Amino acid sequence: MSTQVQDAQNQSERDRVIIFDTTMRDGEQAPGASMSLEEKLELAKILEEMRVDVIEAGFPIASNGDFEAVRKVSEIVTESTVCGLARAGVKDIDRAAEALKPAKRGRIHTFLSTSPQHRDFILNMSQEQILELITKSVTHARNLCGDVEWSAQDATRTERDFLRRSVEAAIKAGAQTINIPDTVGYTYPTEYADMFRDLIENVPGADTVIFSTHCHNDLGLAVANSLAGVQGGARQVECAMNGLGERAGNAALEEVVMAFKVRSDGLRQHTGIVTEHITRASRYVSAITGFPVQFNKAIVGKNAFAHESGIHQDGMLKNASTYEIMRPEDVGQGATNLVMGKHSGRHAFRDKLKALGYELGQNALDEAFTRFKDLADRKKHVYDDDIIALVDDSLARGAERISVTRLRVIAGTEGQSAELTLTVDGNAHSAESGGDGPVDAVFSAIRKIVPHEAELRLFQISAVTEGTDAQAQVSVRLEEDGRISTGHAADTDTLTAAAKAYINALNNLLLRQEKTAPEPLIASGF
Ligand code: KIV
Ligand code: ZN
């Protein structure tokens, strides 16, 4: 190989941005976005197929559920690095190391706050104490794992000089990746880029590690800041599908990745992501968390490639480049004109799912096909959105202790009542109830059969398509003891959809492991 070719390859490798997905960790910290173990395993497979470099699968000390998730993801993932989060404490780090044992490539990600706000009001520690704890925690992590990432929580509000000293301590103790999180979504692009330049230029040993961005979206700048961080010298971007995450969320993986792909003329760096898997991953995350993707969301929103106005449609018909900077196929949204109806076969259905960005296993495909046939019997035209709602509905249901067996509702000017039969742990139970309206009657019948304390926090109905035969898509959010759970369902019968969505939320509340929100730091023990 000539030196020129070798140099070009080295440069290309240096310009490759590591994509670190934190949908299962930071993403799951969004209230109501909890995922079951099975869902996390499926998501890990999707992320690995998409060639995500690092999958942060959880926070092992936070709950047994998180521990199991990191352990099981470590067992099945072979190509991507699997990462577990830990505070700067012996127990946290040991627990993360234990969960990562089966991993072919495992990483402990340990963090400590550095900003004055966190030092004074949360940790009550001096700068010197923080530096000492960084050294101890990173050293301990390195003794247990060959790959250690250290994060300076609230880095962007930290005094620059102290941030430099903190990063230096982490590098000296053996961290190979240094993450500079914008924990509260406070920074702006030029400032963030400058922060990386400064650290890379001035911290001893900075040339031996990889710097990482981790941006929250409180000012809507998470993606712009992440790109700026890379311009400043970061080589890893932490992000989450659909921008899921604490508060306003994290930088959206799909936006970061497509920015590098579409603007490769101006942005030198590139990622290794197979972008055709993006839509599938986005839909899966939306289905299992119950967080809808906003219609106008960049890259993965329902309208991201829709052209309504006459001028735009005219341009698109002449040449797609007039109004599209990327092709829908590039992100896995295949264009199909296949109309589905009750005569459509399994083959056509599978092709349609593929074009819509779904690749289901045999059981899920069989179930979805049965439900499609059932829908096609009730509805003349089955549109793409109907199929998306139907598949998302199946994915969102997962394991169920309770299901709706029968529902009869009387509505109208003379009063409302519901007769409901639920199957609970395999046994049928029935109840009747009145209410202030038919939905209230249905929910009250549910509460008679399954008494619970959860409060209804959200009840939302939207039509999946146009027309009076459209399916209703219902979202329900319940809250019990600070735990939030969301459920979704779609059906041509609005009240059946409401009952199923409520039961879906209740199942999630019953089935999903409770996380004990860890204290900000002191699990120490050093
Ligand atoms: O936002 C943040 O600071 C984090 C750290 C734990 C990396 O999520
Ligand atoms: Zn975060």
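At 6% relative accessibility, Arg-107 counts as buried. In this predicted model, the side chain of Arg-107 meets that of Glu-149 in a salt bridge, at 2.8 Å from N to O. Across the whole structure, a search finds 41 salt bridges.

**Salt bridges between separate parts of the chain**

- Glu-149, the partner of Arg-107, is likewise buried, with a relative accessible area of 0%.
- Glu-56 is buried at a relative accessible area of 0%, and Arg-25 is buried at 7%.
- The side chains of Arg-378 and Asp-491 form a further salt bridge, at 3.2 Å from N to O.
- Arg-378 lies in helix H14 (residues 362-378) and Asp-491 in strand S14 (residues 483-491), so this pair connects parts that are 113 residues apart in sequence.
- Within this pair, Arg-378 counts as partly exposed, at 41% relative accessibility, whereas Asp-491 is buried, with a relative accessible area of 8%.

**A salt-bridge network**

- Arg-160, Asp-161, Arg-164, Asp-194 and Asp-198 are linked in a network of salt bridges.
- Helix H7 spans residues 160-173 and helix H8 spans residues 189-202.

**Helix H7 and its surroundings**

- Helix H7 has 14 residues. From its first C-alpha to its last, H7 reaches 20 Å, close to the 20 Å expected at 1.5 Å a residue.
- The buried residues of H7 are Phe-162, Leu-163, Ser-166, Val-167, Ala-169, Ala-170, Ile-171 and Ala-173.
- The elements that cover these buried residues include helices H5 (116-123), H6 (127-144) and H8, together with strands S5 (148-153), S6 (177-182) and S7 (210-215).
- Gly-174 follows H7 and has a positive phi, near 115 degrees.

**Packing of helices H8 and H9**

- Helix H8 (residues 189-202) packs with helix H9 (residues 222-231) at an angle of about 35 degrees, and their axes are 7 Å apart.
- The crossing in which H8 passes H9 is right-handed.
- On the H8 side, the contact is made by Pro-189, Tyr-192, Ala-193, Phe-196 and Arg-197; on the H9 side, Ala-224, Asn-225, Ala-228, Gly-229 and Gln-231 take part.
- The residues of this contact comprise six nonpolar, three polar and one charged.

- Asp-154, a residue other than glycine, has a positive phi near 60 degrees.
- Asp-154 is placed in the loop between S5 and H7 and counts as buried, at 0% relative accessibility.
- Ile-299 also has a positive phi, of about 70 degrees, although it is not a glycine.
- The loop between helix H11 (278-289) and helix H12 (310-318) holds Ile-299, which is buried with a relative accessible area of 8%.

Terms used
Residues are numbered from 1 along each chain as its sequence is written. Chains are lettered from A and ligands numbered from 1 in the order in which they are written. This is a predicted model: local features need pLDDT of at least 70, side-chain atom pairs count only at pLDDT 80 or more; totals for chains, interfaces and linings use all residues. Side-chain values use heavy atoms; hydrogens and water are left out. Axes are lines fitted to C-alpha atoms, for helices over the stretch in contact, and angles run from 0 to 180 degrees between N-to-C directions. Helices (H or I, at least four residues) and strands (E, at least two) are DSSP runs, numbered from the N terminus. A crossing is left-handed if the near helix is turned anticlockwise from the far one by less than a right angle, and right-handed if clockwise. Contact means heavy atoms within 4.5 Å. Ala, Val, Leu, Ile, Met, Phe, Trp, Tyr, Cys and Pro count as nonpolar, Asp, Glu, Lys and Arg as charged, and the others, Gly among them, as polar. The expected span of a helix is 1.5 Å times one less than its number of residues. Buried means under 20% relative accessible area, exposed over 50%, partly exposed in between (1.4 Å probe, protein chains only). A salt bridge is a side-chain nitrogen of Lys or Arg within 4 Å of a carboxyl oxygen of Asp or Glu.
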